[in-house]
Amino acid sequence: MFQISSELIFKVALRGDTLLTSPRWNKGTAFTKEERKDFGLTGRLPSRINTIDEQCERAYDQLRSRESAIQKNSFLQSLKEQNWVLYYSLLSRHLKELTSIIYTPTEAEAIENYSHLFRRSEGMFLSFPDQDTMEEDFLEQTRGKNIELIVCTDAEAILGIGDQGVGGIGISSAKSAIYTLLAGIHPAKALSVTLDVGTDNETLLNDHLYVGWPSKRVRGVEYDKFIDKFVQLIRKYQPHCLLHFEDFGVSNAQRLLELYRNEHSVFNDDIQGTGAVTLAALMAAIGVTKSKLADQRYVIFGAGSAGLGIAKQVRDAIILIDGVSREEANKKFYLVDRFGLIKQSLGPNKIRPALQEFVRPDEEWSDVPINDAGEVELLEVVRKVRPTVLIGCSTKGGAFTERVVRTMKEGCERPIILPLSNPSHLVEVDPKDANDWTEGMALLATGSPFPPAKMPNGKDYVIAECNNALIYPGLGFGSMLSQSRQMTDGMIIAGAQRLAALSPALKDPDSGLLPDFQDAPAANLEVAVAVAEQAFDEGIQGVRWSREEVRAKAEEKQWKPLYGKYEYDEQGAK
């Protein structure tokens, strides 16, 4: 590829049907008359030459004719397999509408039905029974390629629907697509991987059409060896790529992140992405209240991967930004799960090792009422702690009752309430209710989109969507751009600070705590710049250019869904 003026020129070695069936190079009816002649396409296409605008109009009309969300998802998947430029151009023109079709919540349905919807494979399938040929299989798809992003999953905890076996390739592919759509990662430099270690989903195991390995999920030492073999192949053959772990189970997600994050640039969106976007919303909220992270008292309802990731991310920011010791920062958090408050007397059977730093001493709670099971429930925690921040990632719809919210309001003037569970029917409190119960004083963000709430003065209060996609593509792009050896806490916090600085609420308190999702591409570019600059500040960049060039290099590197001019060359790209 080279560029003359503003036009991209590509030397391409494909011709005829091979060119038309290549999603990377296919233009469909947008091939020019000269290109049709040079590439043997004149008799293979109708005579009318279309612009990308006309192609998008036609594709959107076809999409709208599909009645259900899953039918639209299937149509868009087919379009991606035909023409990358048209696919991403269409998505970018209808960003808010179509992201929910290619990603959550619709992709969850596609994943659940993967074996019955299967038409053709996409990405890389590494199966446990074929581990002896893993290196050969890996190189078959990556040899000679500069892969910058690998998104992988073992599919144990997919999008809130649990173990989906080999269907997990759908979430890897969707995440990769979001990286391209919102951060400009070249789709040819991204690889989606499913690590098929079996499944404990009885429905899949009993389905004769299931296309994955029909065996119970591998665990323990054998599992660890399989994952390690995969990671070491990446370190050996693609040492500068970002490895994105997605939807691993609670027993493996944090453990694998800690195991590999000092060896390679590794990122877990369920832990770090959720933590980072929540941190950005919190920093925007304290910007409104003119306070500090270290001033807050945090109650987190739901202590799984997301809840723990949020606690750790915010804790690390308190240490770094406010200069508080780790021990003191830990004391600001109260985690509540299905066993109530995480406190010492729950014992090791109910407290997994990753939660140890946040376990509360029993003596703190000797005067607090307990339920019949000896547990301290959420309302009693709120009553005693008087939190300034209440975060929900429990998937327990309605858990933040009117009594809980009003009790919280009694203890602080402007409660920060973030019910993050999704989809919307699992949200801990409808933001409209939280707004009403606090007389319009709550600062709110949710995990799913909600309409504005009415303030007592009649004005609309914009409910920010605390969507990971506002930040994780930028975090990853910043790491790829700088070729950092790690994805450090400092880099993630720098990205969250940059996103928080873009908060509309800092200019108008009635606006959202985070940018509108339509502005996600611009927000992720800013995040990427901040992350790459932080990599330079920490001295872990792998590029030879200077920190002052970060923004220019980021803008230059972004892939855009635009057609260039093709010239035939037998030695050209394939």
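Which loop holds P105? P105 sits in the loop between helix 6 (95-102) and helix 7 (106-112). Helices (H or I, at least four residues) and strands (E, at least two) are DSSP runs, numbered from the N terminus.

This is a predicted model, in which local features need pLDDT of at least 70 and side-chain atom pairs count only at pLDDT 80 or more, while totals for chains, interfaces and linings use all residues. Residues are numbered from 1 along each chain as its sequence is written, and side-chain values use heavy atoms, with hydrogens and water left out.

**The whole chain**

Select the protein chain. It contains 23 helices and 17 strands. Its radius of gyration (taken over C-alpha atoms) is 25 Å, close to the 25 Å that the globule rule gives for 574 residues, so the chain is as compact as a globular protein of that length. That rule is 2.2 Å times the number of residues to the power 0.38. The C-alpha trace spans about 85 × 55 × 50 Å along its principal axes.

Colour by accessibility next. Of the 574 residues, 56% are buried; buried means under 20% relative accessible area, exposed over 50%, and partly exposed in between (1.4 Å probe, protein chains only).

Then turn to contacts, meaning heavy atoms within 4.5 Å. Among those between residues at least 6 apart in sequence, 70% join residues at least 24 apart.

**The cis bond**

Select T104 and P105. The peptide bond joining them is cis, with omega about 10°.

**Two positive phi angles**

Select R386, in the loop between helix 17 (378-385) and strand 11 (389-392). R386 is not a glycine, yet its phi is positive, at about 55°. Its relative accessible area is 41%, which makes R386 partly exposed.

Move to Q483, in the loop between helix 20 (472-482) and helix 21 (489-501). Q483 is a residue other than glycine with a positive phi, near 50°. At 28% relative accessibility, Q483 counts as partly exposed.

Finish at I321, in helix 15 (residues 305-322). Is I321 buried or partly exposed? I321 is partly exposed, with a relative accessible area of 37%.

Show what touches I321. Leaving aside neighbours within four places in sequence, I321 is in contact with M283, L293, I493 and Q497. Pick I493 from this list: 172 residues separate I321 and I493 along the chain, while their C-alpha atoms are 9.1 Å apart.
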